[in-house]
Each structure stands twice: as C-alpha cells, then as structure tokens.
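Here are my notes on the model, point by point. Please read them with the structure open.

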Amino acid sequence: MSEAEQNKALGQQEVLEGIRWNEAGLLPAVVQDANSLEVLMFAYMNKESLQLSLESGQTWFWSRSRGELWHKGGTSGNTQAITSIHYDCDSDTLLVKVVPEGPACHTGETSCFFRELPLRNSAAGEAKEGQGAGSARQGLNDNERFAVLGELERVIAEREAERPEGAYTTYLFDKGVDKILKKVGEEASETIIAAKNKDNAELRLEVSDLIYHLLVLLQERKLPLDDIMDELSARHERPRRD
C-alpha cells in the first residue's frame, strides 16, 4: 500500500471510529442521486455494510427485517455507484450520493418517495392547491398552456433513443411494453381511487403520472401525440346528435 493510500485508510478509520451507532449498532443512511439530488431511498447500515460500501464503491445495507446484509441491486441489477458519503454534525446519520443503475424502489419508481402527503392546513398547502386550480396558467394561450406536453413527448423520445443510465424512462423502455402497460394500469387505478376519495391534490398527482406513462406508451408504439390531438379535434368537429 502506498503512503497516500495508508493516509487515506488512516483518515477513514478515524472517521469510522467517531461514528455514533445506535443501540442496535445501526446508522440511518439517506441515499441521494448525485446528479439530480433527488432523495432515492432510506435504509440502515451497520459497520460491516458500511465497510463493504466503502470497499466496493456500491451501496450495501443491513436488513432489519431479514437480519442480514444486502447488496442494493445484487438481485435486480439496479445497483448504486457511490460518488460520496457524508455524515452529519452529530455523526449519527449518513448521506450517500450515488449514480443509480435503474430505479431505487422495488415498485419500479425512481425514488421510494414517490407518494405525497397533501398539506391541507398550511400556507404552502393552500398555495399548492391554488396552483392546481390553474391560477398559474391563467392568461396563457392554448399553445402555451399545453407546451409542456410537447416538451415531455420530446424528452421521452430522447430518452428512448439515448437510454441514459439511471433514468426511470430508460428503465421502462428497457423492460418493454408489458411493464409500460402495467404502469399505465396502476396509474389509472390510482387516479380512480383519488377521484373517488374526492382528493384533488392526490388526483392532480395521479393524473400527471398517468399522462406521463401514456406518453411513454405512445412513444413505444410510435404513435405521435399529434395523432391523438387530430382524433380529438375530429371528434369535436363532428355534428352533435343530441
């Protein structure tokens, strides 16, 4: 081992000795995408899993439910390449920045934190509800109002062509049409549930997810969004029969 490597190992050992493990010998670890800074997941590490993470450059955790070490992506292939590990001011929590190889969540979502708890009784929640009512888009013409759909279609097509590693859209195209159809079905069901619950905040989120997955499906089938718009336009122009 070189002198530089010895110094690095010594510094690392000093840091590890200063870590404050909980009574079970564990440490909370928040995993964050190094590029987008999106929080991907939360798990626990013990001394052995932290050491394995440092040595391998990929995330290892301790499963409290199974009582064993687990290598993230060891079975699914959705591994996480570590770019840095930070510890907080109390030395009792880790922030692990990674470049993910596929989604972090077992559901296929990019992040485990894909569900939102609506804030109904706060100023921030009220402001968000106001945005949902369309206040942020008042005064825009039709082209401006729906420009985001064209941009989203463009980005999805770009993802299919380039297949950037770690992108959720890449994951969907790699898995194929059956996975895409499954997600469309799931999002449609969740949209129905939100509507039945009369929860507009949740409905806004679920409809957005549904539209995104429908656009992925259209791209997979090579059916342009313009064709859908033409069909809607043709239906609108047909004589009414009522």
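1. Helix α7 passes α8 in a left-handed crossing. This is a predicted model. Helix α7 covers residues 177-196, and its axis runs 8 Å from that of α8, at an angle of about 155°. The angle is over 145°, the cut-off for this class, and the two helices are therefore roughly antiparallel to each other.

2. From α7 come Val177, Ile180, Leu181, Lys183, Val184, Glu187, Ala188, Glu190, Thr191, Ala194 and Ala195. From α8 come Glu202, Leu203, Glu206, Val207, Asp209, Leu210, His213, Leu214, Val216, Leu217 and Glu220. By class, the residues of this contact divide into 13 nonpolar, 2 polar and 7 charged.

3. Look next at His213, which lies in helix α8. Is His213 buried or exposed? His213 is buried, with a relative accessible area of 2%. Leaving aside neighbours within four places in sequence, His213 is in contact with Tyr168, Leu172, Ile180, Lys183, Val184 and Glu187. Gly185 is 28 residues away from His213 along the chain, yet their C-alpha atoms are separated by 9.4 Å.

4. The loop between α7 and α8 holds Lys198. What is the phi of Lys198? The value is positive, about 55°, although Lys198 is not a glycine. Most residues other than glycine have a negative phi. Lys198 is exposed, at 73% relative accessible area.

5. Leu37 also deserves a check of its backbone. Its phi is near 70°, a positive value in a residue other than glycine. Leu37 sits in the loop between β1 (27-33) and β2 (39-45). With a relative accessible area of 48%, Leu37 is partly exposed. The cut-off for exposed is over 50%.

6. Helix α5 (residues 147-162) packs with α6 at an angle of about 60°, and their axes are 9 Å apart. That makes α5 oblique to α6. The crossing of α5 past α6 is right-handed. On the α5 side, the contact is made by Ile156, Arg159 and Glu160. On the α6 side, it is made by Thr169, Thr170 and Phe173. These residues divide into 2 nonpolar, 2 polar and 2 charged.

7. Which residues does Gln219 contact, leaving aside its neighbours within four places in sequence? They are Ile156, Ala157, Glu160 and Phe173. Of these, Ile156, Glu160 and Phe173 also take part in the contact of α5 with α6. Gln219 counts as buried, at 16% relative accessibility.

8. On aromatic rings, the structure holds 4 aromatic pairs. Phe61 and Trp70 form one that is tilted, with 5.1 Å centre to centre and 40° between the planes. Phe61 counts as buried at 0% relative accessibility. Trp70 is partly exposed, with a relative accessible area of 23%.

9. The pair of Tyr168 and Tyr171 is stacked. Why is this pair stacked? The ring centres are 6.0 Å apart and the planes are at 25°, so the pair falls in that class; the cut-off is under 30 degrees. Both residues belong to helix α6 (residues 168-175), and being 3 residues apart, they are separated by about one helical turn. Tyr168 counts as buried at 10% relative accessibility. Tyr171 is buried as well, with a relative accessible area of 13%.

10. Ring pairs extend this into a cluster of Tyr168, Tyr171 and Tyr212. Tyr168 is also among the residues in contact with His213.

11. Finally, the overall figures. How many helices and strands does the protein have? There are 9 helices and 6 strands. Buried residues make up 29% of the 242 residues. Among contacts between residues at least 6 apart in sequence, 48% join residues at least 24 apart.

Conventions:
Residues numbered from 1 in each chain as written. Predicted model: local features only at pLDDT ≥ 70, side-chain atom pairs only at ≥ 80, totals over all residues. Heavy atoms only, no water. Phe/Tyr/Trp six-rings, centres within 6.5 Å; stacked < 30°, edge-to-face > 60°. Buried < 20%, exposed > 50% of the residue type's maximum accessible area, 1.4 Å probe, protein only. Helix = DSSP H or I, 4+ residues; strand = E, 2+ residues; numbered from the N terminus. Axes fitted to C-alpha atoms, helices over the stretch in contact; angles between N-to-C directions. Parallel < 35°, antiparallel > 145°, perpendicular 65-115°, else oblique. Left-handed = near helix turned anticlockwise from the far one by under 90°. Contact = heavy atoms within 4.5 Å. Nonpolar A, V, L, I, M, F, W, Y, C, P; charged D, E, K, R; others polar.
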